[in-house]
Amino acid sequence: SLFSGCDSIRVVACGSAMHAGMVARSLMEPLLRIPVTVSVASEFRYEEPLIHEKTLTLVISQSGETIDTLAAMRLARSLGAPALSIVNVKGSTIARESDYVLYTHAGPEIAVASTKAYSVQLAALYMIGCRMALVRGAFGQDEAREFMTDLLDVIPAMESVIGQSEFIQSFVRHLIFSCLIFLILF
């Protein structure tokens, strides 16, 4: 199986997708007890990556068309590593050329900051980590269920924080004002 047969994981992505991979590494490596390496996709080919057929390549791209990420995935696949891609756009090049695809269904990113895409990429990576832990025996059914319940609990927590936006803005204004006063006086 894809998850039980791998002996390492290589995450390739750019920008905020790469940062999602870095967070996932901190979960996956100690949980799964296998090496997890995160590479900036544009640098991947210059690293002369040590990957093989038992290396699971996790490819992350919001658009599914990020050219450096696509090139990195093609290289990994040419070296025998299977590619599991996390993308938002159905029919994108990365989705078509991957061995396996997990669609995020995040919709278009409206803001400059990639908050929505990052959040769903991270959730997808956590779900993959949970499934791998279950398949590899690091989690039992109850632990996996609890993990997923905890992951779902993030949604109301985020809604609660968003509901506090006026308080947070007021607090930040006060903090900035206090820092300015401190800088002026000292």
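Q: Buried means under 20% relative accessible area, exposed over 50% and partly exposed in between, computed with a 1.4 Å probe on protein chains only; what share of the residues in the protein is buried?
A: Of the 186 residues in the protein, 35% are buried. This is a predicted model, in which local features need pLDDT of at least 70 and side-chain atom pairs count only at pLDDT 80 or more, whereas totals for chains, interfaces and linings use all residues. Residues are numbered from 1 along each chain as its sequence is written, and side-chain values use heavy atoms, with hydrogens and water left out.

Q: How do you know where confidence in the protein is lowest and where it is highest?
A: The guide is pLDDT, the predictor's confidence in each residue, from 0 to 100. Its mean over the protein is 92, with 98% of the residues reaching 70 or more. Confidence is lowest in helix H7 (residues 154-163), at a mean of 81, and highest in E1, at 98.

Q: What are the helices and strands of the protein, and how many are there?
A: Helices (H or I, at least four residues) and strands (E, at least two) are DSSP runs, numbered from the N terminus. By that rule the protein has eight helices and five strands, and from the N terminus on its elements run β-α-β-α-β-α-β-α-β-α-α-α-α.

Q: What makes the five strands an open sheet, and in which order do they stand?
A: Two strands pair if DSSP finds at least two bridges between them, and the open sheet formed by the five strands has the order E2-E1-E3-E4-E5, with parallel pairing. E2 and strand E5 (100-103) each have a single partner strand, so these two stand at the edges and one side of each is left without a neighbour in the sheet. On average, neighbouring strands of this sheet are turned by 20° against each other, direction ignored.

Q: Why is strand E1 described as largely enclosed?
A: Six of the six residues of strand E1 (residues 8-13) are buried, so the strand is largely enclosed by the rest of the structure. In a regular strand the side chains alternate between the two faces of the sheet. In E1, Ser8, Arg10 and Val12 point one way and Ile9, Val11 and Ala13 the other way, and all are buried.

Q: Why is the β-α-β unit of E1, helix H1 and E2 called right-handed?
A: A crossover is right-handed if, with the strands pointing away from the viewer, the path from the first strand over the helix to the second runs clockwise. The unit made by E1, helix H1 (residues 15-32) and E2 is assigned to that hand.

Q: Why does serine 39 count as buried?
A: Serine 39, found in strand E2, counts as buried because its relative accessibility is 2%, against the limit of under 20%.

Q: What makes the pair of serine 39 and arginine 10 a polar contact?
A: A polar contact is a pair of N or O atoms within 3.5 Å; within protein, one must be able to donate a hydrogen and the other to accept it, and residues adjacent in sequence count only if both atoms are side-chain atoms. The side chains of serine 39 and arginine 10 make such a contact at 3.0 Å. In the wider sense of contact, heavy atoms within 4.5 Å, serine 39 touches, leaving aside its neighbours within four places in sequence, residues including Arg10, Val12, Met18 and Phe44.

Q: Why is arginine 96 called exposed?
A: Arginine 96, in helix H4 (residues 93-97), counts as exposed because its relative accessibility is 56%, against the limit of over 50%. A polar atom of its side chain lies 2.6 Å from the backbone oxygen of glycine 91.

Q: Why is glutamine 141 exposed?
A: Glutamine 141, which lies in helix H6 (residues 141-152), has a relative accessible area of 52% and is therefore exposed.

Methods
Axes are lines fitted to C-alpha atoms, for helices over the stretch in contact, and angles run from 0 to 180 degrees between N-to-C directions.
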